[in-house]
Amino acid sequence: MVTVTTSSPAILQPCNKHASRGAVVRYFPPLLWGRTTSYGHSVRTTSDETERSSRGLQPSPATGAAAAGEEGDTIRRLQNGPDVRGVALEGEMGRAVDLTPLAVEVIAESFGEWLREQQQQQLGSEELRVSVGRDPRLSGPRLSAALFAGLARAGCAVFDMGLATTPACFMSTILPRFNYDASIMMTASHLPYTRNGLKFFTKRGGLTSANVENICDRAAHKYVARKMGLGRGASGMPPPVVMRVDLMSAYAQHLRDIIKQRVAHPTHHDTPLNGFKIIVNAGNGCGGFFAWDVLEKLGADTTGSLHLQPDGTFPNHMPNPEDATAMSLTRGAVLAHGADLGVVFDTDVDRSGVVDDTGEAINGDRLIALMSAIVLGEHPGTMVVTDARASDGLTRFIESRGGGHCLYRVGYRNVIDKGVQLNAEGVETHLMMETTGHGALKENYFLDDGAYMVVKIIIEMVRMKLAGSEGGVGSLIADLEEPAESVLLRMNILGETKYAKQNGITVVEAFKKYIEGDKLSGWVLDDCGDCSVGEGCLVDTNDQPIDVDAYMYRAKLFHENKRPVGMVHIRQSVHNPNIALNMQSYVPGGCKSMARDLYKRFFLATGVKDFVDVSEVEKFAK
């Protein structure tokens with residue numbers, strides 16, 4: 001192992017049941033779990049403030065109010081809905097590194113302060129205990145050191161889980177023997193290896209967009225002060241003491257216990273997956289543990305599994321259940337090895353997709369349909385919440401099984417929060433899923449956990465086999481009606497990144513106003529359902545409406561004979577400066593017809609092409 005040196009080198013203590021006080025040792029990078037892992041390089045980081053101080057420089061006279069405001073906006077722009085995301089490594093065309101060690105440090109410190117305020121009444125003067133996990137990205141060790149320093153500066157006790165999954169971070173606040181007050185996961189999910197980010201949890205679940213906005217605003221003020229050389233930076237603090245803990249083993253045990261208890265196999269209780277072949281494609285992210293520490297220990301044969309070893313460059317494909325390469329490779333492995341199931345995880349395992357025994361990919365609407373079939377079997381009549389990109393065929397599938405379907409805003413936090421809200425209002429809602437593969441269950445703390453979703457599917461698969469069913473899990477969705485065509489186009493927002501959000505709002509709002517002004521004949525805004533939601537899922541008339549983190553609308557196009565052509569969902573991306581255009585057609589060729597109509601009668605006619613690059617729409621429409 002090699003030492004990671006920072007401006008405030010962490011000090012690591014071994015943690016025995018998370019309370020022991022062993023000898024203090026120099027901090028080493030957390031071990032990557034897996035069968036064989038190693039570090040081949042050392043990392044040294046120095047914050048901007050420390051660098052300035054070491055050179056004897058004073059704040060520049062040009063750093064006035066305007067400059068300070070721009071520096072602070074650097075931090076505010078890192079907010080990504082309920083998360084923080086930014087560029088952590090050089091290499092992206094047109095994107096400078098903005099998620100620096102200093103940025104991470106002040107955000108972590110601000111989170112610790114916010115957490116103290118939130119829990120002051122319950123804890124009084126007790127020390128807050130915060131766990132930290134990360135995915136295998138190359139920037140992880142360097143930024144983790146800054147994260148530790150920021151939390152310690154806020155008076156938090158820090159527990160390092162090393163390589164972990166996002167759901168496991170939340171479960172560290174729940175599982176016995178851990179029971180932390182909060183947790184932070186360092187990940188950028190399916191985004192390129194140059195990115196990184198932070199996801200925040202308390203015992204109540206993930207933070208809201210409003211919470212993270214508050215934290216980033218605090219951090220912006222600290223960032224400006226540190227850049228100006230004001231206040232005491234990490235270099236003026238004693239080295240943070242970090243306790244190393246093995247959370248993933250306990251989390252894997254938790255998942256194994258659920259499978260054993262709910263399958264209740266009549267002949268081999270402890271190995272209920274004996275005789276089953278299951279392929280896992282972790283995409284070199286954090287999901288390899290599921291093959292080694294969950295499936296194999298329950299008796300499953302995982303021969304043929306793909307890309308289990310963590311690799312922060314993601315050399316084979318992005319870990320993403322929506323990625324065509326990931327699903328194709330998994331399909332090939334399932335068919336080659338005669339497997340009963342294939343599993344695809346995203347980087348931090350809060351999303352998943354599966355492949356059935358026939359090689360059929362089950363993601364998007366299909367995955368929601370499969371989970372709906374399982375959950376409605378357990379909870380008849382339950383409401384299912386999805387994002388508004390879901391198809392009309394999915395609505396009919398859910399309703400045909402006695403369930404209700406609430407379509408809501410895109411964004412996993414939006415979908416989950418809507419489910420929590422409905423339950424609070426007395427509407428039984430057990431499943432909340434995005435078409436991207438994010439899925440949460442009421443029975444599992446409303447947590448979007450890709451591994452837990454797969455656990456539910458595996459349990460159903462085993463039960464079907466024990467009941468003598470001939471078909472695999474894919475047979476449960478044989479009657480799902482799917483669109484004739486589905487197309488996703490992206491339009492990059494033009495101009496400086498700092499104006500991207502407002503320019504995106506301008507374009508999306510123009511779409512709505514054009515339809516309302518009868519300037520797009522044939523187009524009708526779709527209210528997406530009846531759960532107190534109107535105007536394309538943006539206007540929530542509940543007494544306590546959920547915050548809007550991105551503007552979006554859903555509309556349908558009708559022929560002159562009133563027959564529907566298809567549906568379009570237009571929205572700001574919360575990840576990148578672009579606008580996503582999701583199209584679903586009810587008839588062959590419908591997506592191209594809708595694209596042509598929008599290109600000629602909206603993008604060209606309104607002048608919004610001055611705000612966005614519509615070349616992808618133009619190319620598709622030709």
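A nonpolar core, as I use it here, is a set of buried Ala, Val, Leu, Ile, Met, Phe, Trp, Tyr and Cys residues joined through side-chain atoms within 4.5 Å. Buried means under 20% relative accessible area (1.4 Å probe, protein chains only).

Ground rules first. I'm looking at a predicted model, where local features need pLDDT of at least 70, side-chain atom pairs count only at pLDDT 80 or more, and totals for chains, interfaces and linings use all residues. Residues are numbered from 1 along each chain as its sequence is written, and side-chain values use heavy atoms, leaving out hydrogens and water.

**Cores.** I looked up the largest core: it has 78 residues, and Tyr251, Phe290 and Ile458 touch the most other members. Helix α13 (450–466; helices are DSSP runs of H or I, at least four residues) gives the most to this core, 11 residues. What does Phe290 touch, not counting residues up to four places away in sequence? I found Leu255, Val280, Leu295, Phe345, Ala451, Val454, Val455 and Ile458 (contact is heavy atoms within 4.5 Å). A second, separate core holds 38 residues, including Ile184 and Phe200.

**Sheet.** Next I traced an open, mixed sheet of five strands, in the order β16-β15-β17-β18-β19 (strands are DSSP runs of E, at least two residues; two pair if DSSP finds at least two bridges). β16 (404–408) and β19 (447–448) each have a single partner strand, so one side of each lacks a neighbour in the sheet. I see β15 (383–387) and β17 (429–433) pairing in the parallel sense over four bridges. In that stretch, Thr386 stands opposite Met433 in β17.

Notes. Buried < 20%, exposed > 50% of the residue type's maximum accessible area, 1.4 Å probe, protein only.
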